[in-house]
Amino acid sequence: GKQYINEMYKFSVDKLYDILFTESQFMRDFLEQRRFSDVVYHPWKKEEDGNQAREIMYTISLSNPLAPKTAMVTETQTLYKASQEGECYIIDAEVIAHDVPYHDYFYTLNRYMLTRVAKNKCRLRVSTELRYRKQPWGLVKGFIERNSWSGLDEYFRHLELELGKVAAGVMDTHHKS
Ligand code: YK8
């Protein structure tokens, strides 16, 4: 695995959750900048184990000569029941890129940990793992890893940059009073 973000922000943990995990203006703008299209959010649903899960679908555009120009992506997010409003949120996101070479071999698991530091201060940690459904041979594995890590590096560097621009109080939250 790899840790991509470990940052503090000067707003509440609930606001960070709203920014990243609701259909916020921030996310709309960010996904548009990354040229994600046809974004479809399915609602959160409670699972038997008490966690909540939802699916998000979108189309990404790629510039890799070996991949198609666009690919469909399914992102399944699980919000763990250990999460507590005002305190912490733990979300796993399993990301499957369809249509790309070797897509049936691997997927990406991103873990987001949002924690309260003070009333108007929070910390975000994001770590990532590549997971395999079938064991690829060495050459293919190297290929998958190189391409995935470079795409992930860029995505999270950009996300960190944009989050850094969010000032306290600029954005409105809607799930809180
Ligand atoms: C999420 C990991 C791999 C995939 C891609 C695969 C190419 C493979 C082709 C080779 C295109 C938003 C990535 C980067 C697409 C984007 C995914 C994002 C950034 C073998 C020839 C999408 C986080 C995320 C997770 C995994 C990323 C894919 O929120 O290289």
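Modeller: A backbone N or O atom of Asn147 lies 3.2 Å from an oxygen atom of the ligand, a polar contact being a pair of N or O atoms within 3.5 Å. In the side chain of Glu75, an N or O atom is 2.9 Å from a ligand oxygen, and for the side chain of Tyr155 the distance is 3.5 Å. The protein covers 94% of the ligand's own 630 Å² of accessible area (Shrake-Rupley method, 1.4 Å probe). This is a predicted model, in which local features need pLDDT of at least 70 and side-chain atom pairs pLDDT 80 or more, while totals for chains, interfaces and linings use all residues. Residues are numbered from 1 along each chain as its sequence is written, and side-chain values use heavy atoms, without hydrogens and water. Around the ligand there are 16 residues, each with a heavy atom within 4 Å of it. The closest are Tyr58, Leu62, Glu75, Asn147 and Ser148.

Definitions and conventions:
A polar contact is a pair of N or O atoms within 3.5 Å; within protein, one must be able to donate a hydrogen and the other to accept it, and residues adjacent in sequence count only if both atoms are side-chain atoms.
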